[in-house]
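Q: I want to learn to read cavities and aromatic contacts in a model. Where do we start?

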Amino acid sequence: MSSPDHPTKKRKRQRPIISCTECHRRKQKCDRQQPCGNCTLRSASHLCHYESKSTEKEGESAERSKSPVETTPLTADTSDGFGYLNGGNTAAEVLEKLDLDALPSPLSAPESSETSNYTRLLSLIPPRPYTSLLIRNFFTECNWLYGSVQIRSFESLLESFYESTASLSPGPQQLSQFPALLLQVCAISLQMLPREHFRQISQLCLGKDDFGMLSTRYSNAAVEMAQGLGRHKSTLPRVQTWFLRASWLKSEGRAIESWHALGQAIREAQEVGLHKATTVLGDQIRAEEGKRVWVNLYTWDRFMSIILGRPTLINDRHCTVPPPLDCDLTVSPLVPRSPLDPPTSFTERLLDYELAHIINSIDELPTNDIAALERLHSKLEALSDLYPPALAILNRDTKHDDKIPFLAIQAELLKGSYHCLVVGIHRPFVFTRAKSRRIIVESGTEVLRSQERLFDGTREHHHTIYTLNFFTFDPAVLIAAVLITSPSSLDSHTIDTALLHLHRAQERLSIIGRRVKLSEKGAAVLKLLIKKTESSIAQLRSTSPPATVSTASASPASTTGSTYYSGASSHESPASSISMMDTFPSGFSAGCDSTSINGFPDFAALGPINTGILSTRELDDILGGEIPEFGMDFNFGSMEGNMGGIMEEGVARGEQGGNTGGPFDGFWQNLLYVPYA
């Protein structure tokens, strides 16, 4: 018993140090791996170690063993079992703040079957000389498109991976998931492999140029690896793996599977915490890389929603992460770009990110609210006025094009995204408002112009880029729909210009179709649409006074696409004063004059219109049958109703007709349904 003069002081309880010594010294958040992510990125794996727990007195240990709370602590594994999210407002977060002495239990060792499968998949990684060539090709020919992988962190993980492969056993969490990312990088690199590398890489295919099959093998192996070992522990390389898988699937023409892979990437990113203002990725460069991955996920989610009519997967209410810095991540320290500086390689993606946030307003646009429509269009134009001169929508400054790789291509990608949103704003009014029809045709034509410049500015191995395929076909279908159903709502110059670019789009898809089978099908569909478009225009002009017809009228249907694509025809005549006649192609209901808007029939009041854009038989002739190169049946299945019918939006989402399967997921058929309000 202590004396009154010297009372016993209550000893302050010290919380155990669970970070590695280096992270504790540098005051960084440690992921508690061996070696941890921070030490790996700094190439200081040899310094990463953990202090052992101090020896306890036997009495203190016995006393704690009687505590019902500490006998069954909520360890890391138990938290994972309950499904708590790190950083969430949950019971697990509360327990972390309590002064408990429980340490997270070490990760349980993987089962022998998982380890065996992991070793088998590791053996699919090509030898290092071939891997180095594919990685170099990825960062020079592929990564500029999205910038989702940073070369410095990738090379650091690559070196650590090769150092640890001697044992062929799973290492730390982030490192064990890196091979899946490596395989996916190789798969995409093979998709965009220049011809000058064919000879070297053909050795991986036993001397054959069967790079498509090899790319498929690598991508599928990456998915199998991502779904296997450590599937409950998300890391940034795991998120990047699923995003690149979604990109690979889009380039293969498998849009629905790509959307599902995107959903997996988004869930993995949320598990890591990329959607939050604070993440556990460590240093600033790593955090910026995570933000850039989130920018790509968010942008894809919103654009796939407005273009393909799919629901969004990200709720803005849960997103608190600020935008990443517009800077060069290869230069230290990070210095944000000033408004007067030329764009960085990621500036275009950040501007796309801003456009993606406007899509939320398009989804909330009231039906038939013209004032709200005009306000949203003005907001979009005001946003584009703030773009850097080198990425401007109009009168772009080209002085930096020779200094910055792919800058001119990124400018065309941004221009396509901008006009895509313009079309998306007015698409619900395509058959109820003459001004919206005109804007859709003009903006759609601008997209086709931009795609032509994009096509001319890229090499053959870039033809697998999804944008070159989809943003050529999608606006062409909408333009054709307006020209077939309402040619009299447009002046002659607009019609001629649109028809010219429809022919050029059809020829581009034919050229791309030599490498991408999906584009070959799209070219066949456009060929039929152009034929019907020219028939509709000819019918209009046969009933119009000869003086009102533009002198630069479109060539007859017998004109070949190559003549159009070579620019042999001149379409520089001014807009004519063609009168807005009540002349429409066959297929419209009689008695249209009873209800009209701006002198045109009110199609919303008349109900769905059978425009006969393409019949079921015509689509079956194009889309049915076999493609010998793939060795499988590409029958898109029969569809009910008239494929050319202009359906209401609910019907367009798949409640009538549609495809029952097939590698292309009924992609082209869905686009031929033009929804309207």
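A: Start with helices: here they are DSSP runs of H or I with at least four residues, numbered from the N terminus. This is a predicted model, where local features need pLDDT of at least 70, side-chain atom pairs count only at pLDDT 80 or more, and totals for chains, interfaces and linings use all residues. Residues are numbered from 1 along each chain as its sequence is written, and side-chain values use heavy atoms, with hydrogens and water left out.

Q: Which helix gives the most to the lining of the largest cavity?

A: H15 does, with six residues. Helices H15 (284-308), H16 (347-363), H18 (407-426) and H20 (466-485) each supply at least two.

Q: What is the charge at Lys 250 doing beside Trp 300?

A: A charge sits over a ring if NZ of Lys or CZ of Arg is within 6 Å of the ring centre and within 35 degrees of the ring normal. The charged end of Lys 250 sits over the Trp 300 ring, 3.9 Å from its centre. Arg 310 lies over the face of Trp 259, at 4.9 Å from the ring centre.

Q: How many aromatic pairs does a search of the whole structure find?

A: Rings of Phe, Tyr and Trp (its six-membered ring) pair if their centres lie within 6.5 Å; planes under 30 degrees apart are stacked, over 60 edge-to-face, the rest tilted. The search finds 13 pairs. Tyr 146 and Phe 243 have ring centres 5.7 Å apart and planes at 85 degrees, so they are edge-to-face. Tyr 146 lies in the loop between H8 (128-141) and H9 (151-164), and Phe 243 in H13 (residues 236-251), so the pair ties together parts 97 residues apart in sequence.

Q: Are Tyr 146 and Phe 243 buried or exposed?

A: Buried means under 20% relative accessible area, exposed over 50%, partly exposed in between (1.4 Å probe, protein chains only). Both are buried.
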